[in-house]
Amino acid sequence: MLLSLVKRPEQSKAMVYVSPIIALGLTLISGILLFQIMGVHPAQALYAFFVDPITTKYGWAELGVKATPLILIGVALSVGFRAGVWNIGAEGQLTLGAICGGGIALWLYQVDSVFVLPLMIICGVLGGMAWAAIPAFLKTRFNANEILTSLMLTYVATLLLSLLIHGAWRDPDGFNFPVSRIFSDSATLPIIWQGTRLHLGWILTIAAAIAVWVLMSKTIIGFQIKVIGQAPKAGRHAGFSVNRTIWFSLMLGGGMAGMAGLFEVAGPIGQLLPSISPGYGFTAIIVAFVGRLHPVGVFFAGLVMALSYLGGESAQITMNLPLAVTGVFQGLLLFFLLACDVLITYRLQFKFPVTSTRGSKHV
Amino acid sequence: MYDILIAAILTIITAATPLVYAAIGEMITEKSGVLNLGVEGMILVGAVCGFAAVHFTGSATLAILAGLGAGAGLALVFAVLVLGFQASQVATGLALTIFGIGVSALLGQDLVGIAYAGLPKISIPLLSSIPLIGPLLFNHDVMVYGSFMLVFAVAWLIKNSRAGLILRAVGDSHDAAHAIGYPVIRIRYLAILFGGGMAGLAGAYLSLAYSPLWVENMSAGRGWIALALVVFATWRPWRVFIGAYLFGGLTILQLHAQALGVGVPSQVMSMLPYIATIVVLVLISRDINKIKLNSPACIGKPFHPTS
């Protein structure tokens, strides 16, 4: 019996939505196998991973805390991915947002004013945009591949943060630890659910996701982005500028990643540290794909990925499992998703070998 | 002064060797018309498997083979997704890197903090006692010699052999190659596996000779630098080699600047290779015609035998 792929007459709408669910199922099955190999009881491990973290009010709030940067960046990246602009340096743009917004908090640490926080958010967004402007400029002006330039800038951003924290921005009362001052109350995002860490960023994230949804489905810019992504030649004929699309995608991605970085340091972290993100900028790439490059999908995919972070921490505490399991799960999910996506344009057909198959050609 | 010079050049060689392996491997993959962005992930998996093999068996040979096999194994996953399932090459490559970082951290969690003496040096008798040239060229571990031979072999094969011609044909026009009767998909599988194996060797070199130890994420972006090197070299093996050594030279600046008392923070020095990568990419990509002339024409495009 042979399994073969037969092209569908047209793309299957249903498979677009079913594919992530199959991929999630396959990831869970691989998880069971993985835990078996590691010598852990699978049911117990899966419970610790996916159920235990959300059995409390605090856990649900933490889900929102972790999902905030993932959704924020994932929504923005999905716009770029639709246009064929591969900004994979969101992690660096996030870091620059934290540096620029956090820098304001350190500069104005004695100022008690309601304007500090908005100023921080604006500077965080501008910082992320400035960092994303480099690959945008190099791409549009010099044709340099944005994948490589944006990624290289991520390493530079991390080193820049380390430089500042080991130097000028080190907490003067911090016993020489490489951390900044703790932000003042007026430089910290207000908590929106008492007794948890869920902060104002969550609401702003949902607002941003809705804004991008409107942008993509209701405005001419959204239409141009989709056309340029799917049929660049047709787009150019219609007079849509490819360069403007590149700039727009990267500015949106950089701005929202910068905002996410600022939310992290002004929210759950509350100061600048050498490491401010467990790879949110990279995980957001998976979030964008699993969410089908659509804001609503990205919202749910962000929650699932946030759960994988929480689960990793919970399994580490309760079952002594390594934190790296989270990364493996996230990678597996994207693999399975990419494999399942073949079902959108193809369908599986079981072929039974018939006699005289000499002529059949399998490539 | 003489000793410092020798030491400096030796640092360049050790820094350049992993880049040579990874970039030559990726160059072959790209020559076949496939862009694999998962080099970083394959390097890490090669590094951890190589180190694990030497830790548990004590055999350096097995360790190198383990690195090779691990890199190729991960590349096989990529090949199946991209060639078998027609998945997007960019997205699958990114997935490979994310997965490789996670898997290597998971596999290597018990290997952190273990020391290894490093690959033994093989001095070539007589030749290694020539002043200057001897210690520079004839007193290395087997993987450095291997990297020289790899560049020679690949350069010669691409230019002069039938296999090299077929590889280029598949990468430049898969439809024409298919029409003539070459098995496009099978050749691409082989090219991807070769690229993965070489990335695995680059990783093994890092954990067996360069550091030699295992730390999470120890490749520190070398996979991405290798990808940039291929563009910089306009898909030519000897230029890949030269590019790798230029980058090796940058690393040495980083290592020796502080020893020489240069008042620049270490973080700024560490930024150099990444900034240099960007600068080099800009310089080479500026001329669109140059890239178009040299890059494999089918790079990144999926191949459907029926259409």
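Guide: What follows covers the nonpolar core and several helix contacts.
Guide: This is a predicted model, in which local features need pLDDT of at least 70, side-chain atom pairs count only at pLDDT 80 or more, and totals for chains, interfaces and linings use all residues. Residues are numbered from 1 along each chain as its sequence is written, chains are lettered from A and ligands numbered from 1 in the order in which they are written, and side-chain values use heavy atoms, with hydrogens and water left out.

Visitor: Which residues touch the most other members of the largest nonpolar core?
Guide: They are Phe35(A), Met120(A), Phe289(A) and Trp224(B), in a core of 215 residues. A nonpolar core is a set of buried (under 20% relative accessible area, 1.4 Å probe, protein chains only) Ala, Val, Leu, Ile, Met, Phe, Trp, Tyr and Cys residues joined through side-chain atoms within 4.5 Å.

Visitor: And which helix gives the largest share of this core?
Guide: Helix H9 of chain B, residues 184–210, contributes 14 residues. Helices here are DSSP runs (H or I, at least four residues), numbered from the N terminus.

Visitor: What does Phe289(A) touch?
Guide: Leaving aside residues up to four places away in sequence, Phe289(A) touches Phe81(A), Trp86(A), Leu334(A), Leu337(A) and Ala91(B); contact means heavy atoms within 4.5 Å.

Visitor: Back to H9(B): at what angle does H2(B) pack against H9(B)?
Guide: About 55 degrees, with the axes of H2(B) (residues 39–57) and H9(B) 6 Å apart. Axes are lines fitted to C-alpha atoms, for helices over the stretch in contact, and angles run from 0 to 180 degrees between N-to-C directions. That angle makes H2(B) oblique to H9(B), since angles under 35 degrees count as roughly parallel, over 145 as roughly antiparallel, 65 to 115 as roughly perpendicular and the rest as oblique.

Visitor: Which residues of H7(B) and H9(B) make their contact?
Guide: Ile166(B), Leu167(B) and Val170(B) of H7(B) meet Val184(B), Ile187(B), Arg188(B) and Ala191(B) of H9(B). The axes of H7(B) (residues 162–172) and H9(B) come within 10 Å and cross at roughly 110 degrees, so these helices are roughly perpendicular to each other.

Visitor: Turning to chain A, which residues of H8(A) are buried?
Guide: In H8(A), residues 220–230, the buried ones are Gly222(A), Gln224(A), Ile225(A), Val227(A) and Ile228(A). They pack against helices H3 (57–82), H7 (200–218), H9 (232–237) and H10 (242–269) of chain A.

Notes:
Buried < 20%, exposed > 50% of the residue type's maximum accessible area, 1.4 Å probe, protein only. Helix = DSSP H or I, 4+ residues; strand = E, 2+ residues; numbered from the N terminus.
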